[in-house]
Amino acid sequence: MLADEPTFARLMKAAQDGDKPATNVLLSEAGLWLERYFRRRIAADAVDDLVQDVLIAFYNKRATWDPKRPFLPWLAAIARYRWIDHLRKHYRHEAKELMEDDAVEDSEEDVVTARVSLDRLFTHLPEKQAKAIELVKIGGLSIREASQKTGQSESLIKVNIHRGIKKLAAMVEEAE
Amino acid sequence: MTMKNVKPGAMNREDLIAAMTEELTPVRRIRPRDGAALIIFATVVAAIGCSVVFGFWTGMIDGSASPFFWISNGLLAIVGASSATALVASAVPRVGARNSSTTWSTAMLSVLPIAAIITLISVEAGHDHGTSMSDAGALYWECAAYGLAASSIVALAAIMFLRRGAPVAPDRSGWLVGLTSGALGALAYNITCPLDGFLHTAIWHVVPVFVAGVFWRYAAPPLIRW
């Protein structure tokens, strides 16, 4: 069973004061909490790296928690920040591929990650952008194949993918 | 002690936690009021620096300062206070802690340059509202440059504090660095300026807020990401 808010807060206060055993328990419990947090948001095989990334950030920034405030919203804010950073890096990677016009050569891992990350927000995109992302980044079609299938020009497909992913990243970033 | 050089995935989670626990040291908590104190200190330093360079203007003591002087500097102080409060709060990770006071106070401040532009147009159309282009300060843009230079001291303090903290919305923090430093830096310079006509104060004493806001919106995020 996961630790509750009062337990987390007590352990965190001890960690700020330099209590090593309490910190060990805190980091382990925070790891489990983060695992559950990210499981619904990113591809399963990327969860552990992101959990470790957040644990390191959490450890380095532990002085920013105020004991008068709840712990879990603080942890969630850090987790969300690192998650956005993860998406941003992923987006940059996607943009680079589009510029190089080799989007069709995406690895299977990229396609899966893109699908899991984007699916939840897809409904907020204009139809043409969603279709372009779905066909190329999820369905694995080439730009040319997607162009033939949708009737959009190849340039338009690229633009729609670029704008769509950018919009998705912005939506995630703006979400409270 | 930090774990900045450790890459996620370089070891398994248990080993990572063990390594972090082993290196643990007590930390001094970062509080928003420390940031507020640092920003106030930087503003005072900027004001003293401006007074040394340009000389202190006694107009606000002997009563010769115009109402425009008080209105423009009062609004700058309000924008500076609201944006500095939001800025220091943004250094600490929180969820759903945003408020719109900075937006509204900046909107209020923007009434001044907008009113100045409308006045300029109506002067051109032949309506004299007690002001004219012959006002010596109307074209004296240098005050905006001096205000911007003073704002860099406040911006430096704000960025130093944000780097110690953990801002989770760097773009928003960037805006806040610009608005805070622009407002407080302009205020620090303006108290030395003897030009207190409407056109001068409404344009050149206020414009550093908007210039610094846009500049730091783009310049600050790379400096405060973590």
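1. Trp70(B) is partly exposed, because 13 other C-beta atoms lie within 10 Å of its own; on the scale used here, a residue is buried with 20 or more other C-beta atoms within 10 Å, exposed with 12 or fewer, and partly exposed in between, the C-beta atoms being placed from the backbone. Trp70(B) sits in helix H4 (residues 67–90) of chain B, and its C-alpha atom is separated by 15 Å from that of Leu184(B), a residue 114 positions away along the chain.

2. A word on the basis of these remarks: this is a predicted model, in which local features need pLDDT of at least 70 and side-chain atom pairs count only at pLDDT 80 or more, whereas totals for chains, interfaces and linings use all residues. Residues are numbered from 1 along each chain as its sequence is written, while chains are lettered from A and ligands numbered from 1 in the order in which they are written.

3. Chain A has eight helices and zero strands, and chain B has nine helices and zero strands; both kinds of element are DSSP runs numbered from the N terminus, with helices (H or I) of at least four residues and strands (E) of at least two. Of the 176 residues in chain A, 37% are buried, and of the 226 residues of chain B, 43% are buried. The C-alpha atoms of chain B fill a box of roughly 80 × 35 × 25 Å along the principal axes.

4. Two residues are taken to be in contact if their C-beta atoms, placed from the backbone, lie within 7 Å. Among contacts in chain B between residues at least 6 apart in sequence, 88% join residues at least 24 apart; in chain A, residues 24 or more positions apart account for 63% of the contacts with a separation of 6 or more.

5. The contact between the chains takes 31 residues from chain A and 27 residues from chain B. On the side of chain B that touches chain A, the residues divide into 15 nonpolar, six polar and six charged, where Ala, Val, Leu, Ile, Met, Phe, Trp, Tyr, Cys and Pro count as nonpolar, Asp, Glu, Lys and Arg as charged, and the others, Gly among them, as polar.

6. Helix H2 (residues 20–39) of chain A and helix H1 (residues 13–22) of chain B pack at an angle of about 145°, with their axes 9 Å apart; the axes are lines fitted to C-alpha atoms, for helices over the stretch in contact, and angles run from 0 to 180 degrees between N-to-C directions. The residues making this contact include Leu27(A) and Gly31(A) of H2(A), together with Ile17(B) and Met20(B) of H1(B). By class, the contact of H2(A) with H1(B) has three nonpolar, five polar and two charged residues.

7. The largest nonpolar core has 94 residues, and those with the most contacts inside it are Val54(A), Leu55(A), Ile78(A), Val154(B) and Ala158(B); such a core is a set of buried Ala, Val, Leu, Ile, Met, Phe, Trp, Tyr and Cys residues joined through C-beta atoms within 7 Å. The largest share of this core, twelve residues, comes from helix H6 (residues 142–164) of chain B. Leaving aside neighbours within four places in sequence, Ile78(A) is in contact with residues including Val54(A), Phe58(A), Pro93(B) and Val168(B). A second, separate core of eleven residues includes Ala132(A), Ile133(A), Leu135(A) and Ile165(A).

8. Arg82(A), in helix H4 (residues 71–99) of chain A, counts as buried because it has 23 C-beta neighbours inside 10 Å. Leaving aside its neighbours within four places in sequence, Arg82(A) is in contact with Leu50(A), Asp53(A), Val54(A) and Ala57(A). Arg82(A) and Val51(A), 31 residues apart in sequence, are 9.4 Å apart from C-alpha to C-alpha.

9. Asp17(A), in the loop between helix H1 (5–16) and H2 of chain A, counts as exposed because it has 12 C-beta neighbours inside 10 Å. Asp128(B), in the loop between helix H5 (101–124) and H6 of chain B, is exposed as well, with 8 other C-beta atoms within 10 Å.

10. Helix H7 (residues 170–190) of chain B is mostly covered, with 19 of its 21 residues buried. At 1.5 Å a residue, H7(B) should span 30 Å, and its end C-alpha atoms are 29 Å apart, which agrees; the expected span is 1.5 Å times one less than the number of residues.
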